[in-house]
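Please look over the structure below before reading on. The paragraphs after it go through the chains in turn.

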Amino acid sequence: MTTVLERPRAKAETRSKSLRRYGERPSIAYLFLSPWVVGAVFLTAGPMVWLLYLSFTDYDLFTAPQWVGVDNYVRMLTVDPHFWNAVWATTKFVVISVPAQLIAALGVAMLINRRSRAQGFYRSAFYAPSLLGASVSVALVWRVIFHDWIGHPDRALLALVLLAVWQFGAPMVIFLAGLQQIPQEYYDAAAVDGAGPWRTFLKITVPMLSPVIFFNLVLDTIRAFQVFTGAYVVSNGTGGPSDSTLFYTLYLYEKGFVEFKMGYASAMSWFLLLIIALITALLFRTAKGWVFYSGDET
Amino acid sequence: MSRRLWHPAVILLLIPLLYPIVWLAFASFKSGSEIVQSLALLPEEWILDNYRALGDDLAGVSAGRFFVNSTIVAASCAIANVASCSLAAYAFARLRFRLRAPLFAFTLATIMLPVHIVTIPQYSLFQKLGMVDTFWPLILPKLLATDAFFIFLMVQFMRTIPRELDEAARLDGCGSIRIFGSVVLPLIRPALVTTAIFTFIWTWNDFFTQLIYLSSPEKLTLPLALRLFIDTTDYNAFGPMLALSALAIVPILLFFAAFQRLLVEGFATSGLKG
């Protein structure tokens, strides 16, 4: 996702060829990279393969995994009603909170994007909730403030959506930096042509900002799938009432670390990876239609 | 919008946004029954009992212990991340080796990898190493540069350093290790500080990983200590719960107040540079 924003890669490649003249030994690179290599092999790549194996087993952490074939996947997809409740709760949360958060972020970014000494202060103030929002402290505040809501299925989910939207400062500061890179001349030209604010927004701001909108959209969607703390604290770890806040990660935690059904939880993990990869691929697909790079020939 | 209306409009938006934090600060001085009964900002009666109650042991451990544990974990993670990510970033940004392109692509891809994907196999690994219920499962991944976001941030920073500086140092006979230590590191100091503070704050807040790995009372961190309050339906516990919640976010607010420009800009430009 991040690579889409750095087109001038080729230039760096040709420049780095000049290093060869100095006879750099490649082994020194692997020395610098050695902690990363150990981490990548033992904590990222290896675990993903191990996870795939575990997803075909019955495993409780304390006795050796027992091969059960596709049993976990079959049970997950056809028998377990909570699994689909979790998928449904997470889908609702992602579909509502991501656009809401991005709209709030873009709106506020445009509002505070003007030359003023106060801009830096405002930017920080709007950003502050993003640093606090993932904490148990704030989740507990939500639990008390929305006390009357969390017993009601739809409103409990809405309280969590509000908690997510409350943290719009993170995408907001990225939007703001993007807005500040749009040349003022474009707006001046639009003003001369007599374009109104809405037309200017649609014809200049949105296309010029589209790589940043795309970046935020992908990042926020992936982030929304991983929300855990708020749901755990607000529902007391149950995902209730009636599974309305049973986010995928919460159910995964319950299966894996409360019931110790690690094989089943592994199957759930792989399914989550598949879903996220699929959605990211879809977003990249649509990007060709609406994301505009100023470096592009078209 | 006219300039005169701009400030009031922005402030009008900020008030509800910051309300929950301000509310928390004041609510920590209210009695339990008042907390449940009203959402008013100011306490009817100011009390210090909530903070005094934190002096009593929680799960047999004093609240100070939770602060010490959280500080040990967050500070270790911050230092480990700065060290390991800067080493990896230097290799990706400046050194030539055969697998650079595919390995860097792999790193970028892992930025998008949800932590929950590797949680179970990592847990099983740390269990075999006898590290469950220690701080190692939290710190070791940082020591091994698994936080790809910060590698990316530092690579972006290093790309802005003119290569002539490296090459001049190289002509003077410096090897890669000296160039890294005395040319590159000092020049990317903002990225290092940004990495340290973000890692500290994110680790300080992190609930999921600490929840699965730590269980003995004397090892609990602040998020886990706060969790002990969730089960309670006793209104009298609400006061101390909010007092500890308020204290738990003080370090974050202090860091933010001190480094806000660096944090916001480090975050904002991570996706735009290059």
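This is a predicted model: local features need pLDDT of at least 70, side-chain atom pairs count only at pLDDT 80 or more; totals for chains, interfaces and linings use all residues.

Residues are numbered from 1 along each chain as its sequence is written, and chains are lettered from A and ligands numbered from 1 in the order in which they are written.

Chain A contains 13 helices and two strands; helices (H or I, at least four residues) and strands (E, at least two) are DSSP runs, numbered from the N terminus. Of its 298 residues, 40% count as buried, a residue being buried if 20 or more other C-beta atoms, placed from the backbone, lie within 10 Å of its own, exposed if 12 or fewer, and partly exposed in between. Among contacts in chain A with a separation of 6 or more, 74% link residues 24 or more positions apart; two residues are in contact if their C-beta atoms, placed from the backbone, lie within 7 Å.

Helix 7 of chain A (residues 153-166) has 14 residues and reaches 20 Å from its first C-alpha to its last, close to the 20 Å expected at 1.5 Å a residue, where the expected span is 1.5 Å times one less than the number of residues. Its buried residues are Ala156(A), Leu157(A), Ala159(A), Leu160(A), Leu163(A), Ala164(A) and Val165(A). Their cover includes helix 4, helix 6 (136-145), helix 10 and helix 11 (229-234) of chain A.

Two of these covering helices also meet each other: helix 4 (residues 81-112) and helix 10 (residues 197-225) of chain A pack at about 145°, with axes 9 Å apart. Axes are lines fitted to C-alpha atoms, for helices over the stretch in contact, and angles run from 0 to 180 degrees between N-to-C directions. Residues in this contact include Phe93(A) and Val94(A) of helix 4, and Leu217(A) and Asp220(A) of helix 10. By class, the contact has seven nonpolar, five polar and one charged residues; Ala, Val, Leu, Ile, Met, Phe, Trp, Tyr, Cys and Pro count as nonpolar, Asp, Glu, Lys and Arg as charged, and the others, Gly among them, as polar.

Between the chains, 74 residues of chain B are in contact with 83 residues of chain A. On the chain B side, helix 14 (residues 238-269) supplies the largest share, 13 residues. That side has 51 nonpolar, 15 polar and eight charged residues.
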